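This report covers the aromatic rings of one model.

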Amino acid sequence: PEEVIELVTELGSDAYVEKSDHIQFKTICHNIDTEDASMKLYYYKKNNMFHCYTSCGDTFNIYELFKRRYELLGTPYSFYQDIVLRIVGDQEGFNLNPTKYVSDMEKYKKQITDVNIPIINPNILNIFVFHPTPEWLSDGISEESMREYNILYSIGQNKIIIPHYNVNGDLIGIRGRALNAEDLALGKYMPVTIEGKIYSHPLGYNVYGLDRVKENIKNMKFAIVAESEKSALQYYTMFGKDRNVCVAACGSTLHAYQLDLLIRAGAEKILIAFDKEGENWKEQDKYYLKLKGLCERYKSRCKMGFIFDTHNLLNLKDSPFDRGKETFLNLYKNSKWI
């Protein structure tokens, strides 16, 4: 545990709380700035795994935490150099074997080449009802789009239920959009719990909505990657089923595995359409560089671009789709391509 604290602190978490069975850190797995992060990144001592209880919503090891953090910052990484030499080798007090860590890293690389997420029996969704909520209807999401994506509602939990499917249409996770104030304080989007079981899945190893739009992506050779599930439904509402090429990364970065899924589906051009960040020009400039760095990382694999609001058409935290079709088209025309 002491070594884990050193490693995660080195990565950027400026606070932690240690309990008997776990350690809580800042959610640096998806928040660049620790001021925006919550203490919802848990490290469990029993199995040496992390679980993010907010945007990521999944479980991962120390290597994946490094990978997500470095991708978030737009920094090239070498696991051998940065984990073994800079942190383990250059600091006193670490009795770790670099050879073992390199071996573990090779095992990790092998594990992520083909991720098989367990399939959930879709009958579990029968406990929910179809009920288009005013919150999403007023956000530019049609009832038709909710039916298309099988958006449901939990009466008991007062949550919008968002089933997640893999590229083949198999149910692999269930997320809920909180509506109660007390639930929103813990996080707007969280995995749904049913009879004590959490129906989470590794968000970084799937692309929300790809099962619905893969044929359109194949035909148009183009995909738009939004941040949240809501954006995919807004795009469907704006442009219809036959022109829909929008998916959601379910976070503020695009992981390499997600890119692979889109390329396999036929995407040759990918446009990042994440939510607006930055309260002032300095923070906005930092966010611009983050998006540019994300596209530069993958530009050798396909044509990459991103939407950046240079004309203040959006409010802070708005997605490019929140202000309607005309605003989105204006943003789209000014896309930055790498």
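## Aromatic pairs

The count comes to 18 aromatic pairs, where rings of Phe, Tyr and Trp (its six-membered ring) pair if their centres lie within 6.5 Å. Planes under 30 degrees apart count as stacked, over 60 as edge-to-face and the rest as tilted. Y288 and F306 form an edge-to-face pair, because their ring centres are 5.3 Å apart and their planes stand at 75°. This pair links distant parts of the chain, 18 residues apart: Y288 is in helix α11 (residues 281-298) and F306 in strand β15 (residues 303-306). Helices (H or I, at least four residues) and strands (E, at least two) are DSSP runs, numbered from the N terminus.

This is a predicted model: local features need pLDDT of at least 70, side-chain atom pairs count only at pLDDT 80 or more, and totals for chains, interfaces and linings use all residues. Residues are numbered from 1 along each chain as its sequence is written, and side-chain values use heavy atoms, with hydrogens and water left out.

## Around Y288

Y288 is partly exposed, at 25% relative accessible area. F306 is buried, at 0%. Buried means under 20%, exposed over 50%, partly exposed in between (1.4 Å probe, protein chains only).

Y288 also pairs with F308: the centres are 5.1 Å apart and the planes at 85°, so this pair is edge-to-face. F308 lies in the loop between β15 and α12 (325-333), so the pair ties together parts 20 residues apart in sequence. F308 is buried, with 14% relative accessibility.

## Cluster and charges

Ring pairs join F222, Y235, F239, F321, F328 and Y332 into a cluster.

R212 lies over the face of Y165, 5.0 Å from the ring centre. The charged end of K269 sits over the W337 ring, 4.6 Å from its centre. A charge sits over a ring if NZ of Lys or CZ of Arg is within 6 Å of the ring centre and within 35 degrees of the ring normal.
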